[in-house]
Amino acid sequence: MSDPNYPVALITDSAGDIPAELREQYHIIMVPMHIIWGTQDLLDQVDIDSDTFYHRLPKDPTHPKTAQPTAQEFLDVINQAKSAGAKEAVVVTISNQMSGTIESVKQAQAQSDIPIHIVDSLSASMGQGWQVLAAARAREAGGDAQAMVAAADKVRQTLQVIFAVETLEFLHRGGRIGGAVKLVGTALQLKPQLYVDHKTGRVEAGERTRTYKKAVERMYEVFFEKMDTSKPMHIAVLHAAAHEQAEAILARIQNEYKPVELFAFQASPVIGTHAGPGTVGLCGYYEI
């Protein structure tokens, strides 16, 4: 699909996990994160897709790392958008507590000759993605850059991102464990429920259970305890090589709550590097 000449470009990084068809539908420009795997520098979702990543991960003795896009990579897409007719841009990034990506955007902003409006999502995966989609939908409705930023900020007011991991090993190894670091060492055999605090942008520890199955069940219960289920809800089921669990959760949500928007997706390599295979999560918000 060719890009229309939007006066405001909408840009995000690949940690936002927005499915490709939605990026295409709303003309969202994605700047890929880097997956550093041994001597390889792979662009997330460009040089390596999720299926390839999760197939390789358990077999490769070298653990991948991630790196933020450079300022030049952001500047390049900003300049391309300008050439296509954009007069300004809104850039929504992964939380500043999980990556230095926002610093790359600020450096690009300083070099750009069109105005750049930066939104720190204080989240990741579809917690970030829902904010980008809200900005895109505000733009579709005729909103300007300020309306797009306000739409993203509004989503964050009711946003919940809760997930269960089979092991804390990947989060700990990648240094993205945030306030949940206190679990490491003393509770590696317990299965914690983790969540993103959208005031701080950090990953924090929730309830702990003895089994992964119970962790997933409590994740589901706690998520909906925090949602106003009488309001229109937008929910995404995240998984990392856990298709069956995700499909079961998807069917259960549809049956019990019937949100206005619901889909399941496999986490991108950049998210999977830190969450690890077997992770399942819920990312969603309700309209206010």
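Modeller: Two strands pair if DSSP finds at least two bridges between them. Strands (E, at least two residues) and helices (H or I, at least four) are DSSP runs, numbered from the N terminus. This is a predicted model, in which local features need pLDDT of at least 70, side-chain atom pairs count only at pLDDT 80 or more, and totals for chains, interfaces and linings use all residues. Residues are numbered from 1 along each chain as its sequence is written, and side-chain values use heavy atoms, with hydrogens and water left out.

Biologist: What is the order of the open sheet of three strands?

Modeller: The order is 4-3-5, and the pairing is antiparallel. Strand 4 (40-43) and strand 5 (65-67) are the edge strands, each pairing on one side only. Between strand 3 (residues 34-37) and strand 4 there are four bridges; tryptophan 37 has glutamine 40 in strand 4 as its bridge partner.

Biologist: How many bridges join strand 9 to strand 10?

Modeller: Six bridges join strand 9 (residues 191-197) to the antiparallel strand 10 (residues 202-209). Valine 196 has valine 203 in strand 10 as its bridge partner. The hairpin has four residues between these strands, and its glycine 201 takes a positive phi near 80°.

Biologist: Is leucine 122 buried or exposed?

Modeller: Buried means under 20% relative accessible area, exposed over 50%, and partly exposed in between (1.4 Å probe, protein chains only). Leucine 122 counts as buried because its relative accessibility is 15%. Serine 125 is also buried, at 4%.
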